[in-house]
Amino acid sequence: MEAKKSGLNLPAGMSGTSLRLDTAAASSISTLNSPSSLRSISNLTSPSKSNSACSDRFIPCRSSSRLHTFGLLDRPSPVKEGSNEAYSRLLKSELFGSDFASPSLSLSSPAGAAPPSPLSPSKNMLRFKTDHSVAPSSPYSPSILGQQNAFPSDSSTPPPKPPRKVLKTPHKVLDAPSLQDDFYLNLVDWSTQNVLAVGLGTCVYLWSASNSKVTKLCDLGPYDGVCSVQWTREGSFISIGTNLGQVQVWDGTQCKKVRTMGGHQTRTGVLAWNSRILASGSRDRNILQHDMRIPGDFVSKLVGHKSEVCGLKWSSDDRELASGGNDNQLLVWNQHSQQPVLRLTEHTAAVKAIAWSPHQSSLLVSGGGTADRCIRFWNTTNGHQLNCLDTGSQVYFLSPFFSPLRLWVANFPKGVCFTNYFRKWGSF
């Protein structure tokens, strides 16, 4: 009876006198027993009485939440015939990352964590992790099935490119009567304006590749002949070496002779332009440098070869000049001395084909004649030979491609046709 008077429900066998309550505690208990307090406490509980023991008092129970109304449930896509769950998880892993495709990402997330969004599978935007959306360089891409079960992905690696086809038939055939069959002459040159110059006997003809128009530039007369032609780098002027040892400069656009320079005793078989100097090589074993800004025939004479000079080439920075001769020597000159700074004697035949790398100023390549048949790579800084390649026939012409790893080689196997070799600079 005393328990009922105090408003407490005591278990059997416990008397009210055994409880000692303070005044503040008694007042709080009486406040909790009020109808208004009981109503507010009942509002904090979960709407479902069966799940009240597992519910959180701050976040409602997920089982009683209407997630389907807001589209938060992970609705499975319609299963097509022949597909399986492993394939679907693998596809999600490749597109959105391994975290998104993990089967553990479901509604059983810990309390207080928001459900993952399908559009943003990664929770930490600034976390360092592997980007699975980029195709890996390895043929084996990451897989959610494990490292042992990973298999090659054909979609991640591009298919190999087919080999480049080199045509065996000419694109254009031009008639070239009176073309001299002489290994030491240079009778063909192509300008940067897509105009081809060809020396035929005593005449020089120009062929435009854009409209196939043929123009007769000059005729040297019955007592002279064309031994070499060379365009300037801009492609507007052309120099002609004659059989009498003269060097003529013509305007290719107006077909007008600009200047005639002498100095050689016999035929001028090779010419080479840089930005302002024209170098000419002759059978008299000398190399003359002509400056178009000076009225004289030449500004300097380079003497070093013991036989006819048949190859000349300026470096891309105009600082060095490489010359090859019929004495099997390759000489390198600079603008500060009239003596060669390098004398390379490894070739066993005439050195006609010479080319400088446009990407490395100290890389020089040269080709030998019939008895040598080799392409040799040189470091002009220390004079060391970097590599050597036996082509099987005499090397007639060398020209670097715009790519730093390509080189075009023209030679005469059996003396009848050109052959193209595509190699890497210095790595044969």
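**Strand pairing and a loop serine**

Biologist: Which residue in S16 is the bridge partner of Leu 330?

Modeller: The partner of Leu 330 in S16 is Leu 344. This is a predicted model, where local features need pLDDT of at least 70 and side-chain atom pairs pLDDT 80 or more, while totals for chains, interfaces and linings use all residues. Residues are numbered from 1 along each chain as its sequence is written, and side-chain values use heavy atoms, without hydrogens and water.

Biologist: How many bridges join S15 to S16?

Modeller: Strand S15, made of residues 330-334, is joined to S16 by three bridges, and the two run antiparallel. Strands are DSSP runs of E, at least two residues long, and helices are H or I runs of at least four, numbered from the N terminus; two strands pair if DSSP finds at least two bridges between them.

Biologist: What order do the strands of that open sheet follow?

Modeller: Four strands make up the open sheet, in the order S13-S14-S15-S16, with antiparallel pairing. Strand S13 (309-314) and strand S16 (342-344) are at the edges with a single partner strand each, so one side of each has no neighbour in the sheet.

Biologist: New topic: where does Ser 178 lie, and is Ser 178 buried or exposed?

Modeller: Ser 178 is in the loop between helix H5 (98-101) and strand S1 (188-190). With a relative accessible area of 55%, Ser 178 is exposed (over 50%; buried is under 20%, partly exposed in between, with a 1.4 Å probe and protein chains only).

Biologist: And which residues is Ser 178 in contact with, leaving aside its neighbours within four places in sequence?

Modeller: Leaving those neighbours aside, Ser 178 is in contact (heavy atoms within 4.5 Å) with Leu 200 and Gly 201. The C-alpha atoms of Ser 178 and Gly 199 are 8.8 Å apart, although the two residues are 21 residues apart in sequence.
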